[in-house]
Amino acid sequence: MGLIKAALGAAGGVMADQWKEYFYSEALTSDMLMVKGKKKISGRSANVFGSDNIISNGSVIAVADGQCMLLVDQGKVTEVCAQPGEFIYDAGSEPSVFTGDLGSAVKNTFVSIGKRFTFGGEAPKDQRVYYINTKEIIGNKYGTPNPVPYRVVDERAGIDLDISVRCYGEYSYRITDPVLFYTNVCGNAAESYRRDDLDGQLRTELLTALQPAFAKISAQGIRYSALPGHTEEMSAALYEILSKKWKELRGIEMVSFGVSSVKASEEDEQMIKQMQRNAALTNQSLAAATLVGAKAQAMQDAAKNENGAAMAFMGMQMAQNADGTSAAQLFAQAAEKEKEKSPQGQTQQWTCPNCGASNTGNFCPNCGTKKPEAKLSFCPNCGAPVPDPSNPPKFCPQCGNRLKD
């Protein structure tokens, strides 16, 4: 039993009179995953009373592009053909496999699942032709009905926490192993199998796989708001998680995965923004600038106070005294930190005031003079400027803090 290319087996025009049946399938829409082949009997055919589920020797089976034909005997796949063209059914030859662009995996599946035997000229009791849609099935929408956990990592802000997000988009898939698909998914369907029969299960498994996929993506430091720009990473993560269920069990592979929107709850978004804002204010310069801006706004509001500007300015001064930190102090602390910073491996140079030699250590190697101490420009306690940095007073004139011994 096997298929022979019609063009190779034809001898002139007489072959048309020998074709007893003609099996075909109309164009498979994206909603149809599997359909039973139709039998068209021409006016010149002698087999006008043939059974619906018997294929006579010499019949023709047509295969269109984007289809895979399966010849099924008593529920077992005995022929596979994904190569477009017309083929003559020969009941006396060995089974043949025309895999087209499906690859060698289909051949291996056919050998392990298929049933190889010949009919010896006798037609079997039940023999059918099925067509599997091998085109990309697009437009499969998904959406998380319940929030999905997503880990947010922001090393700069010191954030490492789990939030809840909702994700929406579309994905597409393709049947890459029709034998597995027929055997494990739609083998019990008599006439057709539609995508609606499978979409619910695929969508549920996809949403279940989103959580570990999100864990893989978040571990790479990708923010949830940037997920629409990282669909390739999401597809790879989902493919790794779903390959066993979809590819190895059903013969289905995900082709593409798209994210249209990802949204966290308002509470989580506000919490993240507040934590990032607080982390930013650990920088003394930013904190000082924020404080200056807040005071300027407070002064503008105080000038508009209907109860009197004096009362408003008094309240502002009380708040500043209660805080205990001024913008000048913050700016001074930031300046000191910047002064302490130096590029790794780079040593600061100084000029000896005694002999004029350039040095990098604490003492001049030429004359032994000690490295001069850095000039104090601001009081480290209150941030007040020092009148004479070259000869600072022992105590700060503003707050009384000791400046030198």
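Trainee: Which residues form one aromatic cluster?

Mentor: Good place to start, and keep in mind that this is a predicted model. A search of the whole structure finds 8 aromatic pairs. One aromatic cluster is made up of Y150, F214 and Y224.

Trainee: Is the aromatic pair of Y142 and F257 stacked or tilted?

Mentor: A pair of aromatic rings is described by the distance of the centres and the angle of the planes. For Y142 and F257, the centres are 5.0 Å apart and the planes are at 20°. Planes under 30 degrees apart count as stacked, so the pair of Y142 and F257 is stacked.

Trainee: How many residues apart are Y142 and F257?

Mentor: Y142 sits in strand 11 (residues 137–143), while F257 belongs to strand 15 (residues 252–264). The pair links distant parts of the chain, with a separation of 115 residues.

Trainee: Does Y142 count as buried or exposed?

Mentor: Buried means under 20% relative accessible area. Y142 has 4% relative accessibility, so Y142 counts as buried.

Trainee: And what does Y22 count as, by its relative accessibility?

Mentor: Y22 forms a tilted aromatic pair with Y24, at 6.3 Å centre to centre and 40° between the planes. Because Y22 has 22% relative accessibility, Y22 counts as partly exposed.

Trainee: What percentage of the residues in the chain is buried?

Mentor: Let's look at the whole chain, which has 10 helices and 17 strands. Of its 405 residues, the buried share is 37%.

Technical notes: Residues are numbered from 1 along each chain as its sequence is written. This is a predicted model: local features need pLDDT of at least 70, side-chain atom pairs count only at pLDDT 80 or more; totals for chains, interfaces and linings use all residues. Side-chain values use heavy atoms; hydrogens and water are left out. Rings of Phe, Tyr and Trp (its six-membered ring) pair if their centres lie within 6.5 Å; planes under 30 degrees apart count as stacked, over 60 as edge-to-face and the rest as tilted. Buried means under 20% relative accessible area, exposed over 50%, partly exposed in between (1.4 Å probe, protein chains only). Helices (H or I, at least four residues) and strands (E, at least two) are DSSP runs, numbered from the N terminus.
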